[in-house]
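Hi,

Here is the structure I promised to pass on. Please have a look at it first, and my notes follow below.

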Amino acid sequence: MEERRSRKGNKKKRRGLKIFLAVVLLLFVAIGIYVADFYRNIDNTTVEIYEPVDEEVDPVRTSSADLSEKEPISILLLGVDTGDLGRDERGRSDTMMVVTVNPNTKKSVLMSIPRDTYTEIVGYGTMDKLNHAYAFGGNSMAINSIQNLLDIPIDYYVTVNMAGIQELVDAVGGIDIVSPMTFTMDGYTFYEGESVHLDGPATLSFVRMRYEDAAGDTGRQARQRLVIEGVVDKVVSASTLLNYQDILGSLSNNVQTNFQMKDYLALQSNSYTAAARNIVSEQIGGSGGIAEDGIYYHYIPEEELLRVQNLLSSELELD
């Protein structure tokens with residue numbers, strides 16, 4: 001159902017989200033390459049989750065970024081609602097972020113993109129909400145539309161569905177978080193300032209709520225960060241390492257990416273991890289409103305879009 005209510009609250013710059021480092025590098029590299037049994041299982045997992053982008057993706061670079069030459073790369077992070085609330089259709093990209101990783105400056109920029117951004121859906125022939133691109137044409141259409149919007153190449157993507165949140169949290173034995181606000185969702189009540197241990201279903205309810213949060217999607221993404229931090233804390237604990245097969249199994253069921261094992265190893269050895277630990281967060285600005293068709297859209301002013309395009313282009317050393 002289309003969202004029809006406007007959002008309130010000031011836009012806040014995101015603090016560093018170590019999604020890529022935590023979900024990809026940490027699980028597939030930092031743990032895996034040092035233990036033979038881990039490595040074998042992780043190698044199998046990377047094969048299972050590998051999904052190359054098809055030839056429908058518009059090439060922006062004349063050639064792929066060369067990790068061995070420490071060229072800056074961009075990664076599209078998509079959190080999709082496939083599997084949420086029992087859905088089995090493709091769903092929409094509920095969360096969209098672009099990360100630039102520059103091993104030369106040892107810096108990464110994480111750019112959050114409002115999911116309701118009004119833009120061209122490349123390959124579909126219409127102007128619509130950006131998060132519809134994934135629903136209409138999967139990873140390829142989402143990549144093409146975001147490349148067109150931001151005027152940069154997308155080198156890699158990582159897509160995680162909402163069901164994966166439940167499975168991953170349960171695989172690590174649950175997580176501990178402190179709720180930033182009091183609210184009730186799906187029968188679960190969370191109290192501001194109170195520490196609570198969450199299992200998978202409770203975690204999904206914690207991150208799904210949006211309408212009771214005055215900050216709208218901004219508030220929800222802040223709660224998503226808390227969940228990610230909680231998962232990372234459990235993943236790196238000694239006790240959780242005993243469950244690494246369950247963790248890898250949850251990734252196999254719920255993640256798609258065009259990263260391969262050779263890419264993970266190159267990232268580990270060529271200063272990309274140092275850049276991934278130094279993240280500067282950015283948010284695309286603008287304002288939202290109800291259009292003539294009665295649908296809520298987020299509109300990016302031309303000067304704001306130019307700022308974002310120039311920033312990302314500079315980080316990728318495209319100038």
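Predicted model: local features only at pLDDT ≥ 70, side-chain atom pairs only at ≥ 80, totals over all residues.

**What I found**

Strands E7 (residues 175–178) and E10 (residues 195–198) run antiparallel and are joined by four bridges.

Residues are numbered from 1 along each chain as its sequence is written, and side-chain values use heavy atoms, with hydrogens and water left out.

Ile 175 and Ile 177 make up the covered face of E7, and Asp 176 and Val 178 the uncovered one.

Next comes helix H5 (residues 200–208), where eight of the nine residues are buried (under 20% relative accessible area; exposed is over 50%, partly exposed in between, with a 1.4 Å probe and protein chains only). The buried residues include Leu 204, Phe 206 and Arg 208. At the start of H5, the backbone nitrogen of Ala 202 has a side-chain oxygen of Asp 199 within 3.0 Å.

Strand E12 (residues 279–283) is largely enclosed by the rest of the structure, because four of its five residues are buried. E12 pairs with strand E3 (residues 107–112) in the parallel sense, over five bridges, and Ile 279 of E12 is the bridge partner of Ser 108.

What about the loop between helix H10 (272–276) and E12: which residue lies there? Asn 278 does, and Asn 278 counts as partly exposed because its relative accessibility is 35%. Leaving aside neighbours within four places in sequence, Asn 278 is in contact (heavy atoms within 4.5 Å) with Lys 106, Lys 107 and Ser 108. The C-alpha atoms of Asn 278 and Thr 105 are separated by 9.8 Å, although the two residues are 173 apart along the chain.

Finally, Met 127 lies in strand E5 (residues 126–129) and is partly exposed, with a relative accessible area of 40%.

Best wishes

Methods:
Helix = DSSP H or I, 4+ residues; strand = E, 2+ residues; numbered from the N terminus. Pairing = 2+ DSSP bridges. Polar contact = N/O pair within 3.5 Å; in protein donor to acceptor, adjacent residues only side chain to side chain.
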